[in-house]
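Welcome! Open your viewer, show the cartoon, and get ready to select a few residues at a time.

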Amino acid sequence: MQHNYWIYLFIMFAVTYLVRVLPLVVFKKITNRFVRSFLTYIPYAVLAAMTFPAVFFAVDCIPAAAAGVVAGVIAALAGGSLFTVAISASAVVYVLLLIL
């Protein structure tokens, strides 16, 4: 049986494109300020919900992971860049894993 991979590629492209473009088209027409502000925070909430559990299962020591989260939050609240937050959290976890 001969497979035409171009058809598969086009279908994958169409599905991915629709998933990304359809919300932009649909949500442009929403004029309610509350709904628009609510939808603005959805990407951040989804990213946090996907990332936060993975932080605690990345290492075997839960207290070190928790300390890394606290260090990252403190660095973020202090106005650090994404790089600074990531490095500070990783450094705290690394040092605590060496100690524990």
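The tour below goes from aromatic pairs to packed helices.

This is a predicted model, in which local features need pLDDT of at least 70, side-chain atom pairs count only at pLDDT 80 or more, and totals for chains, interfaces and linings use all residues. Residues are numbered from 1 along each chain as its sequence is written, and side-chain values use heavy atoms, with hydrogens and water left out.

**Stop 1**

Rings of Phe, Tyr and Trp (its six-membered ring) pair if their centres lie within 6.5 Å; planes under 30 degrees apart are stacked, over 60 edge-to-face and the rest tilted. The count by this rule is three aromatic pairs. Select Y5 and Y8: this aromatic pair is edge-to-face, with 6.0 Å from centre to centre and 70 degrees between the planes. Both residues belong to helix α1 (residues 5-27), three residues apart, or about one turn of the helix. Helices here are DSSP runs (H or I, at least four residues), numbered from the N terminus.

Is Y5 buried or exposed? Y5 counts as exposed, at 57% relative accessibility, while Y8, at 40%, counts as partly exposed. Buried means under 20% relative accessible area, exposed over 50% and partly exposed in between (1.4 Å probe, protein chains only).

**Stop 1: rings on α3**

Now select F52 and F56, an edge-to-face aromatic pair at 5.1 Å centre to centre and 75 degrees between the planes. They are four residues apart in helix α3 (residues 42-57), about one helical turn. F52 counts as partly exposed, at 47% relative accessibility.

**Stop 2**

Axes are lines fitted to C-alpha atoms, for helices over the stretch in contact, and angles run from 0 to 180 degrees between N-to-C directions.

Which residues of α3 meet α4? F52, V55 and F56 in α3 meet I62, A65, A66 and V69 in α4, where contact means heavy atoms within 4.5 Å.

**Stop 3: α4 against α5**

Finally, show helix α5 (residues 82-99): α4 and α5 pack at about 150 degrees, with axes 8 Å apart. The two helices are therefore roughly antiparallel. Residues to select in α4 include G68 and G72, and the α5 residues they and others meet include V85 and S88.

How values were computed. Angles under 35 degrees count as roughly parallel, over 145 as roughly antiparallel, 65 to 115 as roughly perpendicular and the rest as oblique.
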